[in-house]
Amino acid sequence: MWRSFRLMWMRLDQAVEQQLSTESGLSGADYALLVPLSEATEDGLRARDLARGVSWDRSRLSHQLRRMQERGLVERRECPTDARGTIFALTPAGREVIERAAPSHVETVREVFVDVMTPDEIATLSAISQRVLSRLDAKTLAPHVVGS
């Protein structure tokens with residue numbers, strides 16, 4: 001089960017990466033950040049909140065945002081309430097590319113993943129995913145016990 005799950009996930013990831021790259025010139029990492037930024041207010045999102053939302057470490061986020069900023073997809077702003085904070089927001093070009101890429105991306109995910117399951121299987125997979133995420137969250141928040 002674990003091996004087939006891992007293989008499925010890797011192949012799904014490859015299919016989505018290929019679709020994004022071919023049709024919109026985006027990487028999966030680009031898309032992962034463009035989605036929450038497109039859903040944010042025009043004020044943008046603090047970098048720390050963006051990192052938390054996509055479960056990335058600060059270094060990965062920083063490098064990816066720098067590349068996206070160089071391509072004109074996002075802009076960096078100073079946080080008005082915290083001099084140490086940084087806010088990122090979509091540029092008009094970033095908004096255009098995510099709006100153009102999203103429908104085809106959703107279609108690909110439906111075609112290669114969602115549409116192969118019955119409604120009951122979708123409900124079961126959703127429930128399993130939530131239980132696993134809850135367990136992972138609990139482990140992350142639990143203090144580490146030395147020697148156990």
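**Salt bridges in a predicted model**

Asp49 is partly exposed, its relative accessible area being 34%. This residue belongs to a model that is predicted, and the count of salt bridges in the model comes to seven.

Helix α3
- Asp49 forms a salt bridge with Arg52, and the closest N and O atoms of the pair lie 3.1 Å apart.
- Both residues belong to helix α3, which covers residues 47-54, and because Asp49 and Arg52 are three residues apart there, about one helical turn separates them.
- Whereas Asp49 is partly exposed at 34%, Arg52 counts as exposed, with a relative accessibility of 59%.

Helix α4
- A salt bridge joins the side chains of Arg66 and Glu70, with an N to O distance of 3.3 Å.
- In helix α4, made up of residues 58-70, Arg66 and Glu70 are four residues apart, so that about one helical turn lies between them.
- Arg66 is partly exposed, with a relative accessible area of 37%, while Glu70 counts as exposed at 60% relative accessibility.

Arg110 and Asp115
- The side chains of Arg110 and Asp115 also meet in a salt bridge, for which the N to O distance is 3.8 Å.

Conventions. Residues are numbered from 1 along each chain as its sequence is written. This is a predicted model: local features need pLDDT of at least 70, side-chain atom pairs count only at pLDDT 80 or more; totals for chains, interfaces and linings use all residues. Side-chain values use heavy atoms; hydrogens and water are left out. A salt bridge is a side-chain nitrogen of Lys or Arg within 4 Å of a carboxyl oxygen of Asp or Glu. Helices (H or I, at least four residues) and strands (E, at least two) are DSSP runs, numbered from the N terminus. Buried means under 20% relative accessible area, exposed over 50%, partly exposed in between (1.4 Å probe, protein chains only).
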